[in-house]
Amino acid sequence: MTTTTPPATSARVRAITESVTLAITAKAKALRAAGEDVIGFGAGEPDFATPPHVVAAAQAAAADPAMHRYSPTPGLPALREAIARKTERDSGLVVSPDEVLVANGGKQALCNAFLALIDPGDEVLLPAPYWVTYPEQIALAGGRTVVLPTDAASGFRVTVEQLEAARTPATKALVFVSPSNPTGAVYPPEEVEAIGRWAAEHGIWVVTDEIYEHLVYGDARHVSMPVVVPELRERCVVANGVAKTYAMTGWRVGWTIAPVEVTKAMTRLQSHTTSNVSNVAQAAALAAVEGPLDEVAAMRETYDRRRRLTTERLNAIEGIVCPEPQGAFYAFPSVEGVLGRTVGGRTVTSSLELCEALLDTAKVALVPGEGFGAPGYVRLSYALGDDDLARGLDRIAEALA
Ligand code: PLP
């Protein structure tokens with residue numbers, strides 16, 4: 001009799017692919033550790049240090065024995081209150097603290113939302129190019145992601161017509177993110193409103209990711225969907241966090257704002273997964289969201305300068321077309337025009353191969369569009385130091401000359 005050994009891991013985790021962004025970042029870091037001068041355009045993280053008053057608040061919290069204990073799963077009461085105040089200050093959404101759940105980064109906040117809202121078989125509409133994590137989290141919840149492609153010609157923005165064409169009786173939710181990772185697209189207020197009204201009319205939940213709310217440039221303006229469409233409020237989860245706004249990616253504090261019933265459900269879930277977020281990190285987040293936005297404004301100015309430089313330099317390379325991003329800190333150029341060319345002695349036929357060739361030969365780490373559901377494109381984060389940015393762009397131009 002033959003016996004077959006069942007696989008060690010569950011089908012659930014076998015179906016998950018590694019984050020392509022983190023994988024390329026890890027490869028770049030490993031090369032750097034081995035002494036290579038690699039310039040990383042991969043990670044979506046600010047190069048700035050966390051503001052000093054935030055660090056000081058964390059230091060004080062670490063020395064306070066009251067902070068050495070478990071605290072309430074949904075967050076320190078003072079932080080939940082401060083997030084409610086900050087949300088009203090920044091986007092005009094009036095929130096009660098019991099609608100706020102503090103999680104371990106925006107990532108866990110989103111995962112809580114999908115696990116709390118989605119049943120097996122539910123369909124979730126996801127405009128592409130999308131951030132790599134959404135489809136994996138939706139799959140973990142048993143949901144079926146329905147991808148809605150957009151391109152540079154449409155400004156990487158989905159339309160109500162596309163949404164309506166994809167709607168079925170199984171459609172449970174829409175993922176909406178503006179400013180967007182990876183494209184930097186920002187939806188104008190009237191489009192946010194039209195999409196919100198469509199969702200409200202059809203009883204479709206919206207998970208709206210506002211993590212880049214403060215990083216908009218030029219005439220672009222961030223508006224919060226439940227503010228412009230108040231009737232959506234009862235079917236909307238807002239996800240946000242301190243990572244991008246305050247240069248706090250490593251502190252791991254994010255949150256959701258959702259109707260109380262959903263917040264309670266997500267809190268039950270989190271009480272069995274991670275419990276409260278580190279109290280020290282919560283104290284830091286409290287100082288960040290309660291504090292002024294002037295350091296954020298200074299960082300935004302720097303990103304804006306780097307954004308213009310990056311777009312200009314990329315567009316000067318024959319075969320690359322880079323629309324000007326309006327938000328976040330990513331450029332998302334099409335590289336279709338360079339495919340088929342020889343880079344570092346090998347012919348590249350896809351954006352994935354191009355990124356591999358650029359990393360191996362020009363020592364620059366870019367993320368291939370394949371992971372974002374957008375082959376033919378690459379993503380560059382311009383949240384890296386000015387010198388590295390200029391040197392990295394030189395290297396790309398040279399490699400593709
Ligand atoms: N949402 C988007 C669109 C992101 O780009 C990121 C991070 O890259 C997150 C959420 C999660 O951020 P964090 O978990 O660091 O708070």
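**Note on the predicted model: sheets, cores and a helix pair**

1. Strand β7 (residues 236-241) is largely enclosed by the rest of the structure, because six of its six residues are buried. This is a predicted model. Both faces of β7 are covered. On one side sit Cys236, Val238 and Asn240, and on the other Val237, Ala239 and Gly241. In a regular strand the side chains alternate between the two faces of the sheet.

2. β7 belongs to an open sheet of seven strands. Their order is β2-β8-β7-β6-β5-β3-β4, and the pairing is mixed. β2 and β4 are the edge strands, each pairing on one side only. From one strand to the next, the twist averages 20 degrees.

3. What are the senses of pairing on the two sides of β7? With β6 the pairing is parallel, over four bridges. Valine 207 stands opposite valine 237 of β7 there. With strand β8 (residues 254-257) the pairing is antiparallel, again through four bridges. Two residue pairs place that second contact. Glycine 241 has glycine 254 of β8 as its bridge partner, and valine 238 stands opposite isoleucine 257 of β8.

4. β8 is covered on both faces too. Gly254 and Thr256 are buried on one side, Trp255 and Ile257 on the other. Strand β2 (residues 100-103) pairs with β8 in the antiparallel sense, over four bridges. Alanine 103 stands opposite glycine 254 in that pairing. Glycine 254 is also the bridge partner of glycine 241.

5. Towards the other end of the sheet order come β3 and β4. Six bridges join these two strands, which run parallel. Leucine 126 stands opposite valine 147 of β4.

6. Look next at the loop between β7 and β8, where tryptophan 251 is found. Is this side chain's residue buried or partly exposed? Tryptophan 251 is partly exposed, at a relative accessible area of 23%. Leaving out residues up to four places away in sequence, tryptophan 251 touches Thr50, Val55, Ala58, Ala281 and Ala284. Isoleucine 396 is 145 residues from tryptophan 251 in sequence, and their C-alpha atoms are 32 Å apart in space.

7. The largest nonpolar core has 48 residues. Leu79, Leu125, Leu163, Ile195, Leu232, Val242 and Val253 touch the most other members. Helix α11 (residues 279-290) supplies the largest share of this core, seven residues. Take leucine 232 as one example from the list. Beyond residues up to four places away in sequence, leucine 232 touches Gly196, Ala199, Ala200, Ile204, Val206 and Met225.

8. Helix α6 (residues 133-140) has several buried residues: Thr133, Tyr134, Pro135, Gln137 and Ile138. What do they pack against? The partners are α5 (105-117), β3 (123-128), β4 (144-149), β5 (171-177) and β6 (205-209). Just after α6, glycine 142 takes a positive phi of about 90 degrees.

9. Now the helix pair. Two packed helices are described by the angle between their axes and the distance between the axes. Helix α12 (residues 294-315) and helix α14 (residues 386-399) pack at about 10 degrees, with axes 10 Å apart. An angle under 35 degrees counts as roughly parallel, so α12 and α14 are roughly parallel to each other.

10. Which residues make the contact of α12 with α14? From α12 come Arg305, Arg306, Leu309, Thr310, Arg313 and Leu314. They meet Asp386, Leu389, Ala390, Leu393, Asp394 and Ala397 of α14. By class, the contact has six nonpolar residues, one polar and five charged. An α-helix has 3.6 residues a turn, so residues three or four places apart point the same way.

11. A further sheet deserves a line. It is open, has three strands in the order β9-β14-β13, and its pairing is antiparallel. β9 (330-331) and β13 (367-368) are the edge strands, and each pairs on one side only. Two bridges link β9 with strand β14 (residues 378-381). Tyrosine 330 stands opposite serine 381 of β14.

Key. Residues are numbered from 1 along each chain as its sequence is written. This is a predicted model: local features need pLDDT of at least 70, side-chain atom pairs count only at pLDDT 80 or more; totals for chains, interfaces and linings use all residues. Side-chain values use heavy atoms; hydrogens and water are left out. A nonpolar core is a set of buried Ala, Val, Leu, Ile, Met, Phe, Trp, Tyr and Cys residues joined through side-chain atoms within 4.5 Å. Buried means under 20% relative accessible area, exposed over 50%, partly exposed in between (1.4 Å probe, protein chains only). Contact means heavy atoms within 4.5 Å. Axes are lines fitted to C-alpha atoms, for helices over the stretch in contact, and angles run from 0 to 180 degrees between N-to-C directions. Angles under 35 degrees count as roughly parallel, over 145 as roughly antiparallel, 65 to 115 as roughly perpendicular and the rest as oblique. Ala, Val, Leu, Ile, Met, Phe, Trp, Tyr, Cys and Pro count as nonpolar, Asp, Glu, Lys and Arg as charged, and the others, Gly among them, as polar. Two strands pair if DSSP finds at least two bridges between them.
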